[in-house]
Amino acid sequence: MSVWADKWRAAIGGNPRRKEADSAGVTGRSTPPFWVMVQKEFGDHIRSWRFVILLAIITLACVGSIYAAITALKAGVSSTDDPTDTRFLFLSMFTASDGNLPNFLTFLSFLAPLIGIAIGFDSVNSERNKGTLSRVLSQPVHRDDFLNAKFVAGLLLIAVVIFSLGFLVMGMGLFTIGYPPTPEEFGRVVVVLLMTTVYVGLWLNLSLLFSVRFKQAATSALSGIALWIFFLVFYGMILNLIAGAITPSDTSDASSVIQYSNTMQFLSRISPSELFQEAAQTLLLPDTRTLNPFVTQEQAYLAISAPLSFGQSLLLVWPHIVAMIAETAVCFAASYVLFMRQEVRSRS
Amino acid sequence: MKRFTGSVRLIMTALLCLLAAASAAPAYAAGGGKVYTPYTDLSAPPGETINYSVDLINDSADILTAAVGFSAPSGWTYELTAGGNNIRQISVKPNDTQTMNLTLHVPLEVEKGDYSFQLSAGAFGTLPIKVNVSEKGSYKSELTVDQPNMQGHSDSTFTYSLSLNNRTASKQTYALTAEAPSGWDGKFTVDGNGVTSVDIDPGASKTVTLNLTPAENAKADTYKVAVHAASGSSTADAEVEAVITGTYAMTLSTSDERLSADVTAGHERKLELVVKNTGSADLTDINLTSTPPANWEISFEPKTINTLKAGESKPVTATIKASGKALAGDYVVGLTAQASEKSADAAIRMTVKSSVLWGWIGVLIILAVIAGVYGLFRKYGRR
């Protein structure tokens with residue numbers, strides 16, 4: 001509680017400005033300095049070319065995937081086993097594809113990390129190199145407010161981008177299929193968008209950590225992108241290698257096959273993109289009843305093929321969400337400790 | 001011993017025949033011609049056809065030619081044939097024999113008794129023939145039932161075996177009808193095939209089976225069903241009785257008629273079931289059984305109901321324990337109440353919910369992480 005009280009006191013006490021040029025009258029006198037910093041950061045990002053280019057790429061990709069989804073829907077690929085089944089037709093906007101382009105979800109899990117990396121990679125070290133860090137911290141603000149503001153502003157921006165893309169897809173879906181979403185479908189989409197925000201927040205925090213750790217912005221950008229490429233491209237290959245090495249022979253019994261598949265699943269879930277994709281797909285395809293690739297005969301006996309309720313789907317992927325939130329928080333904590341322990345000197 | 005008796009009887013018959021032939025058959029004619037047939041006094045039922053083989057013997061040195069004729073009372077018909085054709089005149093070479101056939105139809109409508117006929121063959125003389133009609137002819141169709149009265153429940157099928165006799169002179173096509181009460185279903189079968197009409201040759205009979213299915217809600221009573229077999233020229237009627245003692249009907253449902261419930265995987269759920277006797281007869285020994293998904297446990301309290309009076313219902317508690325490994329989502333659980341007379345099913349759609357324990361553990365992990373970050377804030381944040 002005392003933290004927020006401090007902030008209020010600081011807000012009333014002074015009116016700090018990080019950059020003189022941006023001191024437009026957007027903020028009132030009573031705004032706490034933390035939120036002023038958040039607003040400044042947010043504005044900086046929105047006005048930067050970097051962000052515009054990124055947004056353009058991602059929007060293009062999304063529009064492409066929407067087109068693919070619409071083509072697929074028009075061709076009648078609502079459900080493979082029962083084409084007349086129109087339940088959750090709206091959700092197929094996010095998961096359907098005509099095969100020419102990946103679906104929206106795949107695009108998002110591929111490209112969304114870029115937003116996080118691009119926003120975060122130079123947030124601390126560039127300010128340090130330009131010397132603005134010491135100037136900001138010379139103002140009557142808490143030292144951690146700087147890093148927190150970076151994080152909050154980045155996350156807000158990501159949320160805005162993700163939600164606008166998501167609602168863009170929903171709007172296009174409404175427009176093309178003329179079929180309004182049920183409250184449950186809407187809920188599922190909103191939760192997936194929230195999850196995407198957390199997922200991109202994880203990448204933001206990673207690059208924030210790199211930007212605190214590495215003095216050069218280029219190094220931190222490269223390490224962020226390296227990690228991104230590693231998880232999206234190489235990790236799958238490494239997994240294939242491991243799978244080839246530990247695949248049980250054809251004659252081995254069921255338990256060793258199940259154990260093998262459990263091991264592979266565990267390894268693949270180390271990758272945050274796999275975690276995100278699995279969770280998002282489960283939420284957007286309500287027919288998914290289990291994440292386990294093996295369903296025993298006992299479990300399937302007398303089971304009816306029926307979609308899960310929203311709550312049950314959420315419960316199924318709740319561990320994934322917890323893992324992503326925890327990973328994000330751990331990354332943030334690491335960069336926080338690192339930043340707070342660093343010396344801040346004015347550049348001579 | 002038996003064979004010996006049989007052969008004795010055969011020899012006796014042969015001797016008698018010879019005697020008969022020697023005494024009665026040869027009828028001498030003027031010009032050396034004879035007419036002969038072995039069996040001149042026969043016994044036959046109405047509708048029967050008798051065939052005589054008549055030999056015409058010419059002992060003279062000339063060819064003998066004679067007109068053949070037969071005197072029959074009204075109703076009796078006959079045919080004289082030789083070489084496949086009807087004949088009226090016959091010639092026999094000297095010292096030769098010709099055979100002709102006399103076919104005599106005993107009429108259906110005839111009194112019991114002896115009838116005499118004369119076969120006249122001109123120069124060969126005449127041959128007297130006697131026919132003893134063994135029974136009184138009827139000349140109508142007959143429909144008889146072996147067991148006209150049957151008893152059963154409303155859900156049983158009554159099967160009557162009817163015998164339809166055509167005692168008319170011609171082949172008949174009978175249309176079969178059963179005047180069943182409304183809601184009842186009467187079906188005729190002949191040789192296993194469903195029929196509505198049946199063809200019967202004159203003098204023949206067929207077994208017709210009537211399957212009577214009572215109306216679903218038939219009250220306990222005695223029902224009379226008239227059965228008709230009608231052809232263009234004759235009809236035959238019979239009446240069968242179906243005695244219904246009571247109806248068996250039972251329903252199995254939940255107390256609130258809802259056939260869906262949810263259960264957490266690995267946990268129990270109690271369902272209030274109601275077994276109701278909706279019939280008009282008592283049900284006995286009702287067993288409650290289930291077809292659960294694998295590794296589910298279902299128990300009933302009580303497990304059996306000894307008797308359930310008509311119109312009464314009894315509550316049963318089913319305890320359904322889902323398998324701990326059950327997938328989230330829907331399963332079908334079949335419940336059956338099986339009485340010795342009737343059974344009732346209820347398919348319950350069980351929605352399995354995964355345990356929320358791990359959900360709360362996840363929340364705890366998030367809270368712990370937030371607490372950790374807050375601890376960092378406290379430690380480093382405000383120096």
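**Figure 1. Contacts of Lys112(B) in the predicted model.** Leaving aside neighbours within four places in sequence, Lys112(B) is in contact with Val133(B), Glu135(B) and Lys136(B). The model shown here, and in every view below, is predicted. Lys112(B) sits in the loop between β10 and β11 (113-120) of chain B. Is Lys112(B) buried or exposed? Lys112(B) is exposed, because 12 other C-beta atoms lie within 10 Å and a residue with 12 or fewer counts as exposed. Ser134(B) is 22 residues away from Lys112(B) in sequence. In space, the C-alpha atoms of Lys112(B) and Ser134(B) are 5.9 Å apart.

**Figure 2. Strand β10(B) and two strands that pair with β10(B).** Strand β4 (residues 49-58) of chain B is joined to strand β10 (residues 96-105) of chain B by 10 bridges. β4(B) and β10(B) run antiparallel. Strand β7 (residues 77-82) of chain B also runs antiparallel to β10(B), with 5 bridges between them. Which residue of β10(B) is the bridge partner of Asn51(B)? The partner is Thr103(B). Thr103(B) is also the bridge partner of Glu79(B).

**Figure 3. An open sheet of 4 strands in chain B.** The order of the strands is β23-β25-β29-β27 (chain B), and the pairing is antiparallel. The edges are β23 (250-254) and β27 (297-301) of chain B. Each of these edge strands pairs on one side only. Direction ignored, neighbouring strands of this sheet are turned by 25° against each other on average. Look next at one edge. Here β27(B) pairs with strand β29 (residues 313-321) of chain B in the antiparallel sense, over 5 bridges. Phe300(B) has Ala318(B) in β29(B) as its bridge partner.

**Figure 4. An open sheet of 5 strands in chain B.** This sheet has the order β24-β31-β30-β26-β28 (chain B), with mixed pairing. Which strands form the edges? They are β24 (260-264) and β28 (304-308) of chain B, and each pairs on one side only. From one strand to the next, the twist averages 30°. Strand β26 (residues 283-291) of chain B pairs with β28(B) in the antiparallel sense, and 4 bridges link the two. Within this pair, Thr304(B) in β28(B) stands opposite Asn287(B).

**Figure 5. Chain B as a whole.** Chain B holds 2 helices and 31 strands. Of the 383 residues in chain B, 26% are buried. How many of the contacts in chain B with a separation of 6 or more join residues 24 or more positions apart? The share is 70%.

**Figure 6. Chain A, a chain of helices.** Chain A has 14 helices and 0 strands. From the N terminus on, its elements run α-α-α-α-α-α-α-α-α-α-α-α-α-α. Chain A has 348 residues, and buried residues make up 35% of them. Among contacts in chain A with a separation of 6 or more, 78% are between residues 24 or more positions apart.

**Figure 7. Helix α5(A) and its bend.** Helix α5 of chain A covers residues 104-120, 17 residues in total. Its first and last C-alpha atoms are 24 Å apart, close to the 24 Å expected at 1.5 Å a residue. Where does α5(A) bend? The bend is at Phe110(A) and is about 30°. A proline, Pro113(A), follows within four residues. α5(A) is mostly covered, with 13 of its 17 residues buried.

**Figure 8. Helix α8(A) and the glycine that follows.** Helix α8 (residues 143-177) of chain A has 35 residues. At 1.5 Å a residue it should span 51 Å, and its end C-alpha atoms are 51 Å apart, so the two values agree. Just after α8(A) comes Gly178(A), with a positive phi of about 55°.

**Figure 9. The contact between chain A and chain B.** Chain A gives 30 residues to the contact, and chain B gives 28 residues. On the side of chain A that touches chain B, at least two residues come from each of α1 (2-13), α13 (297-300) and α14 (310-341). Which helix supplies the largest share of this side? That helix is α14(A), with 15 residues. By class, the side of chain A that touches chain B has 22 nonpolar, 4 polar and 4 charged residues.

Definitions and conventions. Residues numbered from 1 in each chain as written. Chains lettered and ligands numbered in written order. Predicted model: local features only at pLDDT ≥ 70, side-chain atom pairs only at ≥ 80, totals over all residues. Expected span 1.5 Å × (residues − 1). Bend = angle between axes of the 7 residues up to and from the residue. Buried ≥ 20, exposed ≤ 12 C-beta atoms within 10 Å, placed from the backbone. Pairing = 2+ DSSP bridges. Contact = placed C-beta atoms within 7 Å. Nonpolar A, V, L, I, M, F, W, Y, C, P; charged D, E, K, R; others polar. Axes fitted to C-alpha atoms, helices over the stretch in contact; angles between N-to-C directions.
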